[in-house]
Amino acid sequence: MVHPRRLCQLLPLPLLIVCLTGCWDRTETNDIAFVLTSAVDLEDDGKFRVSYMLPLPGSMGGASGGGGGTAGGKSYYIDSDVGNTFHEANTRLQMRMSRRLFLSHRRTIVIGEKLAKKGIGVIFDTVPRSPESRMTSFLVITKGKGYDLLNTEPKFERFPAEVIRELTKSRQSLGTSTKDIGITLSFNSDPILTYLEPKQSQASKEPSHEIQMIGYGQFKGDRLVGIYKNHEAEGLMWLRNHVKEYLVSFPPEEGNANEISITVTKGQTQIKPRLQQDKVIFDILIDANGSVKEDLSNLDLNKAKVMRRVEKQLAEQIIKSIQAAVKQMQKEGTDSAHLGLTLWRSHPYEWNNGIEAKWEAYLKDAEFRIHVSATIEETGLINKNVIKEGM
C-alpha cells in the first residue's frame, strides 16, 4: 500500500510530463539567413529593388573565407530583386533561398539617391511592420545606387556592412536611426541622414573600393533636396548641439599662408529665440574647447596675446560654419536644425496661432546672432617646433 505522503509526491508527475512536450516551434540556426545590411533603390521603370548582404556559413570559419561557393574568397553573398513593392521584391528573393531571411541582426539600411529624392516615406510602411526589423537600425543615403555601395570591397573590414555601420556610428549623435527619422517625420519636421559614397583608395598597388562619409543628406519632409558637406555639416552639428571632435585649419596671420590645425574637442550650444514684430531672432550662444594639433605658422603660443588671437580666429571659423549651415537651410527651405521646435517650446501660443503655418517663410527671413566663446585648452607637449631654434 502506497503511503499517502508518497502519493502526494507522485501526483504532480503527470502534469510535468504534459509540460515537457518539446520545442514544437523552434527555429534552428542552420535554417536562417542572417541579413547584415540591406539596400533599397528605385529603378528607372518605377519598381523597387531590394538587396541583401548575407554571410555564407561555409566561409565563416576563417578570416580569409573561401568556402561556400564564393568567388574571390568572399565570406558573404549579395543578392537583389525588383518588385512593384518592397515586400514583393523580398518575396521573390525568399523564393530562391534555402534559408529564411532573418532581419534582427540588420544594423543599417542603405537608401539609393534616386529613391531618396522621390521620398523615403514608403520605407516606414515596410520596416516597422516586421517585428524582426530593429528601429535602432541606421538609415543612410548613398550617391547612386545602394546596391553599388553594398558591392564595394573595403580592405580593412571583413564585410562592407561593418564599414557602413561604423561610419554611421561615428556620427550617430545626429540621429540617423530609423526611430529618430520616423519621429522627426511624424512631427512634420525635416530629418537628416548620413551620406556615403563609394571611393577608390589612393593606393598605388591594388587600389581598394572603399566607402567614404561625405556629409548628411538634407531632407525637406521625406525628400532629399541637398547635401550638407564640409562647413555646412560642421555648422549643423553646432546648431543641433551635438558636436563631436573635428579638425579646423586656418592661417592665423594675414600674409602667412601656413596654417594652424586645431581639434574642436567639445562644445555646447544654446539657442534662444525671440520674436520682434513679424520677425524671428535666434541668439546662438556657443562655448567651444579645442587643442592645437599642428602649427606650421611658427607662432609662439606661450604668449597670451597670440593665444587670444588664435582663439578669436577659431571662434570666427565656427561662426562661418554655422552661417554656411543656415544659408543651406534657408536656400532649400528646410529646418534641419529643428529650430521650429525650439521656437514652439519658448513661444507656444505664437507658434500655434500663425507662425507654424508660415514657418518656411519665417525661417528664410529669420535673423541669426551668433556668439562664440572659444578656448584652447591644450597646445600639446610643446608650444613651438622643437628644432626651430637650431635652424
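Modeller: In what follows, two strands count as paired where DSSP finds at least two bridges between them, and helices (H or I, at least four residues) and strands (E, at least two) are DSSP runs numbered from the N terminus. The model is predicted, with local features needing pLDDT of at least 70, side-chain atom pairs counting only at pLDDT 80 or more, and totals for chains, interfaces and linings using all residues. Residues are numbered from 1 along each chain as its sequence is written, and side-chain values use heavy atoms, with hydrogens and water left out.

Biologist: What is the strand order in the open sheet of 8 strands?

Modeller: The order is β4-β3-β2-β6-β7-β8-β9-β10, and the pairing is mixed.

Biologist: Which strands stand at the edges?

Modeller: Those are β4 (76-83) and β10 (223-228). Each has a single partner strand, so one side of each has no neighbour in the sheet. On average, neighbouring strands of this sheet are turned by 30 degrees against each other, direction ignored.

Biologist: How many bridges join β9 to β10?

Modeller: There are 5 bridges between β9 (residues 209-220) and β10, and the two strands run antiparallel. Phe 219 stands opposite Leu 224 in β10.

Biologist: Which strands does helix α6 touch?

Modeller: Helix α6 (residues 160-169) packs on the sheet and touches β2 (37-42), β3 (48-55), β4, β6 (108-112), β7 (138-142), β8 (192-200) and β9, where contact means heavy atoms within 4.5 Å. The direction of α6 makes about 50 degrees with that of β9; axes are lines fitted to C-alpha atoms, for helices over the stretch in contact, and angles run from 0 to 180 degrees between N-to-C directions.

Biologist: And where does helix α9 lie?

Modeller: Helix α9 (residues 304-332) lies across β9 and β10 and runs at about 155 degrees to β10.

Biologist: Turning to the rings, how many aromatic pairs are there?

Modeller: The count is 5, taking rings of Phe, Tyr and Trp (its six-membered ring) with centres within 6.5 Å; planes under 30 degrees apart are stacked, over 60 edge-to-face and the rest tilted. Among them, Phe 34 and Phe 102 are edge-to-face, at 5.6 Å centre to centre with 90 degrees between the planes. Phe 34 belongs to strand β1 (residues 32-34) and Phe 102 to strand β5 (residues 100-102), so the pair ties together parts 68 residues apart in sequence.

Biologist: Why does the pair of Phe 282 and Phe 368 count as stacked?

Modeller: Because their ring centres are 5.3 Å apart and their planes stand at 20 degrees. Phe 282 is in strand β13 (residues 279-295) and Phe 368 in strand β14 (residues 367-378).
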